Amino acid sequence: MKKIEIYILGGFLGSGKSTLLHNLLLEQKSKDKKVAVLMNELGDFSVDSILLEDSIPLKELLDGCICCTIRNELEEQLLTLYQAEQPDIIYIETTGAAHPVEVLDACLSPILAPYISFCRLITVVDAKRWLDREVYSLPIMNLMEEQVKFADMVVVNKVDTINKKEQRQLENEISLLNINGPKLFTEYAQVDLQEIGIVKKPVLKDTGKLHVHDHLNIQSFSYTFAGHINKTQFEKWIQGLPKSVLRIKGFIVFEEQEEKTVLFQYAYGVPLSLKQDFQFPRTLVVIGENIDIKKMTEELAAMDTKKEVLTF
C-alpha cells in the first residue's frame, strides 16, 4: 500500500506560508515526486490557490478553520486526494489562526493513518511581527507562541527586517519555547528540501482548546468588486486601517491601469501590489481581530465604480 508524506505549513497570518509552499513546489518539480496541496482559508475565497500551477492536484477548505469548524472535512479531502491522485507528498497550508496541534491531530485520524508514512508540522514566523507581538491581544500572543512551541521545525522568515541584536533575541525566545526542533533563519522563505526532510516525527501533546471563533475573535470577509477602484482612494483607505486588520489579500483593478489585474497583499501594516498577466476575480479577502465587517464593506463599496456586488 502506497504511503504519503504530509507536511503542515503553519504560522500566523502573513508570516510567509504561501511563499514557503511555492518555494517547496518549485524544488519538488525538479524531482521525481508527485505533490498535492490542500489549502485552508478562513474566508470563502482563496487567493493563494489561484496562483498555483494547474498541474498540481489541489483541494480547498474555505470559510472555516481546520482545527474546529471544518475538521471532519479535512479528513475527507485528504482521503479524496490520496485516492484520486496517489501523491507522494501532500502539503497542507493552514489558515494563520489554526492551532497546530489540533490540525496535526486531525491529520493523524484513524481513517488516514494507514496511508501516512509521517506527518510533520513546520511553523513559519515573521521575524518583525514576532518581536512586536505584544501589540496584539493575549489570545493571539498565546496562539503565536503555541504555533512555535508545538512545531517540528521553525522557519524564522523575513530576517532582513531586523538587526543582528534583534535576531539573537528572537533566536533565544524561539529556542526557549521549542527546545528540540530545528530553527532556520530565512529571507523570502528560501528553505532547502534537505533541511525540511530532517525534521523529527511529531509527538502529540495535550493542549487547551483555542478555537478561532470562540476565543481569538478572528473574523474574515470577502468583497467582490463589480468595477474598478480609484487608486488614490484605496491607498488612503489602507493607510487608515486599524491594527486589528491583520491580513488583506486578493485581486483588484485600478481605474488608472485599465484592465490590468493587481495582486494586492497587506500584512503587518505593509501593502504590496503586483501586476498580473491574467485576469482574476476582483475579490479581496480581509482577516482581522474584532473588525467591523459592516463598516469595512461599506467603505469598499464606496470605492467600487459599479457597486453591484457585495459578498460576506
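Which side chains does a polar contact of 2.9 Å join? I looked this up before anything else. The side chains are those of threonine 283 and threonine 224. I take a polar contact as a pair of N or O atoms within 3.5 Å; within protein, one must be able to donate a hydrogen and the other to accept it, and residues adjacent in sequence count only if both atoms are side-chain atoms.

Entry on the model. I note that this is a predicted model, in which local features need pLDDT of at least 70 and side-chain atom pairs count only at pLDDT 80 or more, while totals for chains, interfaces and linings use all residues. Residues are numbered from 1 along each chain as its sequence is written, and side-chain values use heavy atoms, with hydrogens and water left out.

Entry on the whole protein. I found ten helices and twelve strands. Both are DSSP runs numbered from the N terminus (helices are H or I, at least four residues; strands are E, at least two). The protein has 312 residues, and 54% of them count as buried. Buried means under 20% relative accessible area, exposed over 50%, and partly exposed in between (1.4 Å probe, protein chains only). I then looked at contacts between residues at least 6 apart in sequence: 74% of these join residues at least 24 apart. Contact means heavy atoms within 4.5 Å.

Entry on threonine 283. I went back to this residue and placed it in strand S12, residues 283–289. Threonine 283 has a relative accessible area of 3%, so it is buried.

Entry on H9 and H10. I looked up how helix H9 (residues 231–239) packs with helix H10 (residues 293–303): the angle is about 160 degrees and the axes are 10 Å apart. That makes H9 roughly antiparallel to H10. For angles, under 35 degrees counts as roughly parallel, over 145 as roughly antiparallel, 65 to 115 as roughly perpendicular and the rest as oblique. The axes are lines fitted to C-alpha atoms, for helices over the stretch in contact, and angles run from 0 to 180 degrees between N-to-C directions.

Which residues of H9 and H10 meet? From H9 I listed Gln233, Phe234 and Trp237, and from H10 Met296, Glu299, Leu300 and Met303. By class, this contact has five nonpolar residues, one polar and one charged. Ala, Val, Leu, Ile, Met, Phe, Trp, Tyr, Cys and Pro count as nonpolar, Asp, Glu, Lys and Arg as charged, and the others, Gly among them, as polar.

Entry on isoleucine 174. I found this residue in helix H6, residues 164–177. Is isoleucine 174 buried or exposed? Its relative accessible area is 0%, so isoleucine 174 is buried. Setting aside neighbours within four places in sequence, I found isoleucine 174 in contact with Val125, Trp130, Val148, Val154 and Lys183. Valine 156 is 18 residues from isoleucine 174 in sequence, and the two are 9.1 Å apart in space, C-alpha to C-alpha.

Entry on two glutamates. Glutamate 27 sits in helix H1, residues 17–29, and is partly exposed at a relative accessible area of 25%. Apart from neighbours within four places in sequence, glutamate 27 is in contact with Val191, Asp192 and Leu193. I noted that glutamate 27 and leucine 193 are 166 residues apart in sequence but 7.1 Å apart in space, C-alpha to C-alpha. Glutamate 146 is in helix H5, residues 138–149, and counts as partly exposed at 21% relative accessibility. From glutamate 146 to threonine 123 I noted 23 residues in sequence and 9.9 Å in space, C-alpha to C-alpha.

Entry on positive phi. Glutamine 86 is not a glycine, yet has a positive phi of about 50 degrees. I found glutamine 86 in the loop between helix H2 (71–85) and strand S4 (89–93), partly exposed with a relative accessible area of 30%. Tyrosine 188 also has a positive phi, near 55 degrees. Tyrosine 188 is in the loop between strand S7 (183–185) and helix H7 (193–196), and counts as exposed at 58% relative accessibility.
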